[in-house]
Amino acid sequence: MANAPEGWTVTYFGNEQEMVLPGEYDVTVLLTHDSYNSLRFDVKVIITKANYVGNDLIFESEEFTYDGNEHSLVAKAPEEWEITYEYNNKTYPGTVEVRAIFSHECYNDVEMYATLTVNKAEYTKNNLYVDDVVVEYDGLEHQVEVNVPSGWIVSFSEEGITEV
């Protein structure tokens, strides 16, 4: 032990353990002397997590075009990091802020945010059509019918289609 008075013997118990990773480590220090009663100290070595200062944690916004599939963002980090996400999925057009939480046994968690955007897709009129209605007068009311794919909503007004 540094600065131990002359004539004292210092013995450590638990000091041989590897104390590198964050955590609490118990060490006992026993001081003995031929002329004095022994002194015992039970101490803890506490190693706390550090703040991470590297630049290899990457989480970027991304845009997709609607295709009916669920989309998500993917963060990048060295292998020893674990990444969890919040709000990281979107199928239909719109925007969501995604939170990535990077966890490591030696560092405090790092939070990053990115935007996941699903843009509306262009739709070809191949599966969307409106036929002319031709009927002989019969005194009944007649309407136009629209054939659209499943999931589409069409609204009509006197001026024509107002929403697709």
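Is glutamate 86 buried, partly exposed or exposed? At 30% relative accessibility, glutamate 86 counts as partly exposed, where buried means under 20% relative accessible area, exposed means over 50%, and partly exposed lies in between (1.4 Å probe, protein chains only). The structure is a predicted model, in which local features need pLDDT of at least 70 and side-chain atom pairs count only at pLDDT 80 or more, whereas totals for chains, interfaces and linings use all residues. Residues are numbered from 1 along each chain as its sequence is written, and side-chain values use heavy atoms, with hydrogens and water left out.

The protein chain contains zero helices and 11 strands; helices (H or I, at least four residues) and strands (E, at least two) are DSSP runs numbered from the N terminus. Buried residues account for 18% of the 164 residues in the protein chain. The accessible surface of the protein chain amounts to about 12900 Å², and 46% of this surface belongs to carbon and sulfur atoms; such areas come from the Shrake-Rupley method with a 1.4 Å probe, and for residues only the protein chains shown count as cover. Of the contacts (heavy atoms within 4.5 Å) in the protein chain between residues at least 6 apart in sequence, 36% join residues at least 24 apart.

In soluble globular proteins, nonpolar side chains tend to be buried together. A nonpolar core is here a set of buried Ala, Val, Leu, Ile, Met, Phe, Trp, Tyr and Cys residues joined through side-chain atoms within 4.5 Å. The largest nonpolar core has 12 residues, namely Leu57, Phe59, Phe64, Leu73, Ala75, Trp81, Val98, Ala100, Phe102, Val110, Ala114 and Leu116. Two or more residues of this core are given by each of β6 and β7 (107-119). When residues up to four places away in sequence are not counted, alanine 114 touches Phe59, Glu60, Ser61, Leu73, Val96, Glu97 and Val98.

Salt bridges were also examined, a salt bridge being a side-chain nitrogen of Lys or Arg within 4 Å of a carboxyl oxygen of Asp or Glu. A search of the whole structure finds five salt bridges. Arginine 99, located in strand β6 (residues 94-104), takes part in a salt bridge with glutamate 86, with the closest N and O atoms 3.0 Å apart. This pair links distant parts of the chain, since glutamate 86 belongs to strand β5 (residues 82-86) and arginine 99 to strand β6, 13 residues apart. Glutamate 111 likewise forms a salt bridge with arginine 99, the closest N and O atoms being 2.6 Å apart. Glutamate 111 lies in strand β7 and arginine 99 in strand β6, so this pair ties together parts that are 12 residues apart in sequence. Glutamate 111 counts as partly exposed, at 41% relative accessibility. The side chains of arginine 99 and glutamate 111 also make a polar contact (2.6 Å); a polar contact is a pair of N or O atoms within 3.5 Å, where, within protein, one must be able to donate a hydrogen and the other to accept it, and residues adjacent in sequence count only if both atoms are side-chain atoms. With neighbours within four places in sequence left aside, arginine 99 is in contact with Phe59, Thr84, Tyr85, Glu86, Glu111, Met112 and Tyr113.

Elsewhere, Glu24, Asp26 and Lys44 are linked in a network of salt bridges. A salt bridge also joins arginine 40 and aspartate 42, with the closest N and O atoms 3.2 Å apart, and both arginine 40 and aspartate 42 are exposed.

Threonine 84 is placed in strand β5 and is partly exposed, with a relative accessible area of 34%. Not counting residues up to four places away in sequence, threonine 84 touches Arg99, Ala100 and Ile101. Threonine 84 and phenylalanine 102 are 18 residues apart in sequence and 6.7 Å apart in space, C-alpha to C-alpha. Tyrosine 87 lies in the loop between β5 and β6 and is exposed at 59% relative accessibility. Most residues other than glycine have a negative phi. Tyrosine 87, although not a glycine, has a positive phi of about 65 degrees.

Histidine 142 lies in the loop between β8 and β9 and counts as partly exposed at 38% relative accessibility. A polar contact of 2.9 Å joins the side chains of histidine 142 and aspartate 138.
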